[in-house]
Amino acid sequence: MSWFVGYVRSSVGAKTIMAVTGLLMVLFAIVHMIGHLQMFGGQDMYNAYASFLQSLWEVKWPTRAGLIAVFVIHLVSAIRLVMMNRAARPVKYAKYTPARSTIAGRTMALTGLVILAFVFFHLAHFTFGGVQPEYFHLPDGHGRHDAYTMFVRAFQNPAMYGIYFAAILLLSMHLAHGASSWMQTLGLRHPKYPWTDKVGPALMVILFIGYMAPPTAVLLNVIKLPGA
Amino acid sequence: MNLTVHVWRQKNGKDAGRMVTYQVKGVNEHASFLEMLDVLNEQLVAKGEEAIAFDHDCREGICGMCSLVINGRPHGGHERTTTCQLHMRHFKDGQEIWVEPWRAGAFPVIRDLCVDRRAFDKIIAAGGYISANAGSAPDGNAVPVPKEQADRAMDAAACIGCGACVAACPNGSAMLFVAAKLAHMHMLPQGQPERAKRTEAMVTAMDAAGFGNCSNHYECEAACPKDISRDVIAMMNRDYTKASLGHREEESKAEGAG
């Protein structure tokens, strides 16, 4: 296993770890977004989906464990890389003019930390029910947890909408750089496929719209409480 | 032209260093940036001050000796231009200009604007060669190389090892340099037998020298006076991963014994 330790510690190997774990989380982000778009299908569809996910404990727990592991590896590896990169330039330039790098790329560490804080908030909100406990344990009349009402109540509050808007914006920015970088890092980027550089920005737009569409519909009263 | 030039002055590696402002008068707009510094140095020497130390050699853009981060961009930020080929007509009369050395932990400042770039030599010494006994030069076309391959090898071999990629990178990474050196050999048949070993050795030497990691900003590509593409970095990443996954412990042991 010595070659593996050496690989993970090397500059190229550490970046591969970032790319692979990042890619896995991007896939989760896409699936998670598609799941929430079912808010447009109404209370019954959304609650059936939520209860279906919860009933698949054989899938649910390995997925959760895997996601946590991937998240922690991505985070630890990122902290190590940022520290090494800072150390590689001990004296800063008095004047430094970026030529090609983007704001999304240069703020990866910062947006990453905001996403970390947001993930804790989001779990406390919708998984543990600690943020708005009054909407958390509502039944829906079919013996299911009323995730639909919980969702609508949450985003009828403009402050809550604002928090999610800001967090999703920064998450999309983070992925704009990350989802374009992984192919280069894994050595899969090739002049034959120039569109790979557009994957990140395209994903940024798709995820931002896809994630913010249901909360925005709630705020604009397009998605309403059942019977309202 | 009259200019206000802010220059990094540092007596030696232990000195903290600082920016010092000079007024340079009567600069010819056809002068190169280095000639402007020559004019400034003559004015300094006439006043009995120490001349500014800066690296230069061929002054025709091919030796890789000149450096300087000018207004925050290595070699001044003009496409495919080294500092010696940068002319004063690109600046305006009365303009303020900031001149700094390459900034990287692996490139310590020796004096003023001169940095120690021997870290690059160590990377080359780790594997930037072909160790077959080649004898005299082979006959032309004895080793067939497709034109496209030869062109790509030549594009990578255009690297003059100036270090602008390291200076431009927000992380002080040397990946464009290392990847270019690997690519120019790995595009050719002669480079194939030692491909995995060479990639591992040179990446290891790069990491040991204290360069940063690539964050895919591609500032290196923008700064490169020889227009080397970031494609070579993708190739290095791919080769390094393949080399690590396919590494055989017994091979390195056998080699150590031999």
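Trainee: How many residues of chain B are in contact with chain A?

Mentor: 43 residues of chain B are in contact with 37 residues of chain A. Contact is taken as C-beta atoms, placed from the backbone, within 7 Å. This is a predicted model, in which local features need pLDDT of at least 70 and side-chain atom pairs count only at pLDDT 80 or more, while totals for chains, interfaces and linings use all residues. Residues are numbered from 1 along each chain as its sequence is written, and chains are lettered from A and ligands numbered from 1 in the order in which they are written.

Trainee: Switching topic, how is chain B divided?

Mentor: Into domain 1 (3-111) and domain 2 (117-133 + 141-257), with bounds from an automatic or database domain assignment. The C-alpha centres of the two domains of chain B lie 30 Å apart.

Trainee: How many residues are in contact between domain 1 and domain 2 of chain B?

Mentor: 18 residues of domain 1 are in contact with 17 residues of domain 2. The domain 1 side divides into eight nonpolar, seven polar and three charged residues.

Trainee: Which residues touch the most other members of the largest nonpolar core?

Mentor: Cys165(B), Val166(B), Leu176(B), Val178(B) and Ala179(B), out of 73 residues in that core. A nonpolar core is a set of buried Ala, Val, Leu, Ile, Met, Phe, Trp, Tyr and Cys residues joined through C-beta atoms within 7 Å; buried means 20 or more other C-beta atoms within 10 Å of a residue's own, again placed from the backbone. Helix α5 (residues 175-186) of chain B gives the largest share, nine residues.

Trainee: Where does this core lie relative to the domains of chain B?

Mentor: Domain 1 and domain 2 of chain B both give residues to the core, so it lies between them.

Trainee: What is Leu176(B) in contact with?

Mentor: Leaving aside neighbours within four places in sequence, Leu176(B) is in contact with Cys165(B), Cys220(B), Glu221(B), Cys224(B), Ile228(B), Arg230(B) and Ile233(B).

Definitions and conventions:
Two residues are in contact if their C-beta atoms, placed from the backbone, lie within 7 Å. A residue is buried if 20 or more other C-beta atoms lie within 10 Å of its own, exposed if 12 or fewer, and partly exposed in between; C-beta atoms are placed from the backbone. Helices (H or I, at least four residues) and strands (E, at least two) are DSSP runs, numbered from the N terminus. Ala, Val, Leu, Ile, Met, Phe, Trp, Tyr, Cys and Pro count as nonpolar, Asp, Glu, Lys and Arg as charged, and the others, Gly among them, as polar.
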